[in-house]
Amino acid sequence: MLIQFRFHPEKAVEAAAVLLKLHGKPMKYLGLLKMLYIADRLALKRMEQPITGNHYVSMDYGPVLSSVYDLIKGKPVDDALPLWSKFISPRNENHVSLLHDPGDEDLCEEEEEIIQQVYQAFGHLDPFDVAEWTHDLLWKNPHGSAIPISVEDILKNVGKSDEEIREIQQEAIREAYLDGVLNG
C-alpha cells in the first residue's frame, strides 16, 4: 500500500507565503514550485511527514507538487482554489506574488525553519538552475506529461530504512483514519 498524506491547502498557502515574503517581490512560479518540493523532501527526511501532503510528479522541468502547480495555474483542487487565490496571485506571465499574508498558524516551528533554510539555499538562484539541480532528486523525464513520484521512493532516497518507511506508512494510515473520523 502506497503512503498517501492528506493535502493541506492551508499549509501549502502558508509555506508559499513564507517563501514569497522572504523573496520580497514577485517570484517565478517555477522557483516557488521547486523550493516547495525541496522543503517537503526535507520535512520527510527530518520529520517523517511532508509540509503540504501534496502528490509529487516528474514534469519537464523537474519534480513538482501537483496540486500546488494546479492552483498556480488557477485550476480547482478540491475546495482549495478560493483559499489559494485569496493569498497568492494568479500567475502573471511566469510570476506569482503574495496578495495578503495568511499568517503561519498551521505551520510548526520546524516546518518554518525548513522553508527558511530552503529559501536561503535556493531563493537567490535562477529557477532553471534549481530545476536542473532537482533532476537528481528522483526525476524521470516525462517527455511532456507527468510521472508520479512515490513518497516511498523519496523516503528511500533521503536514507530511510524499510522499517522506518513501514512505520511512516502506519502513521499516515492512522492520520488518514483520524482525519476521516474528525472531518466526516
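## Salt bridges, sheet and backbone features of a predicted model

The side chains of Lys-160 and Glu-48 meet in a salt bridge, at 3.3 Å from N to O; the term denotes a side-chain nitrogen of Lys or Arg within 4 Å of a carboxyl oxygen of Asp or Glu. This pair links distant parts of the chain, 112 residues apart: Lys-160 lies in the loop between α7 (151-157) and α8 (162-183), and Glu-48 in the loop between α2 and β2. Helices (H or I, at least four residues) and strands (E, at least two) are DSSP runs, numbered from the N terminus. Lys-160 is buried, with a relative accessible area of 15%, whereas Glu-48 is partly exposed at 31%. Here buried means under 20% relative accessible area, exposed over 50%, and partly exposed in between (1.4 Å probe, protein chains only).

The structure is a predicted model, in which local features need pLDDT of at least 70 and side-chain atom pairs count only at pLDDT 80 or more, while totals for chains, interfaces and linings use all residues. Residues are numbered from 1 along each chain as its sequence is written, and side-chain values use heavy atoms, with hydrogens and water left out.

### Salt bridges

The structure holds six salt bridges. Three of them, including the pair described above, are listed here.

| Pair | N to O distance |
|---|---|
| Lys-160 and Glu-48 | 3.3 Å |
| Asp-101 and Lys-21 | 3.2 Å |
| Arg-174 and Glu-171 | 2.9 Å |

The salt bridge of Asp-101 and Lys-21 also links distant parts of the chain, with Asp-101 in the loop between β4 and α5 (109-122) and Lys-21 in helix α1 (residues 9-23), 80 residues apart. Asp-101 counts as partly exposed at 45% relative accessibility, and Lys-21 counts as partly exposed at 39%. Arg-174 and Glu-171, by contrast, both lie in helix α8, three residues apart, about one turn of the helix. Arg-174 is partly exposed, with a relative accessible area of 45%, and Glu-171 is partly exposed at 35%.

Three strands form an open, antiparallel sheet in the order β3-β2-β5. Strands β3 (62-65) and β5 stand at the edges with a single partner strand each, so one side of each has no neighbour in the sheet. Neighbouring strands are turned by 40° against each other on average, direction ignored. Strand β2 (residues 56-59) is joined to β3 by four bridges; two strands pair if DSSP finds at least two bridges between them. Within this pairing, Val-57 stands opposite Val-64 in β3. Helix α2 packs on the sheet, touching β2, β3 and β5, and its direction makes about 80° with that of β3. Axes are lines fitted to C-alpha atoms, for helices over the stretch in contact, and angles run from 0 to 180 degrees between N-to-C directions.

Helix α2 (residues 29-47) contains Arg-41. This residue is buried yet has no salt bridge; the nearest side chain of opposite charge, Asp-153, is 9.7 Å away. Lys and Arg count as positive and Asp and Glu as negative, while His and the chain ends are not counted. Leaving aside neighbours within four places in sequence, Arg-41 is in contact (heavy atoms within 4.5 Å) with Leu-137, Leu-138, Ile-154, Asn-157 and Val-158.

### Positive phi values

Glu-93, a residue other than glycine, has a positive phi, near 60°. Glu-93 is found in the loop between α4 (81-87) and β4 (95-96) and counts as exposed because its relative accessibility is 69%. His-143 has a positive phi near 50°. His-143 lies in the loop between α6 (127-134) and β5 (147-149) and counts as exposed at 68% relative accessibility.
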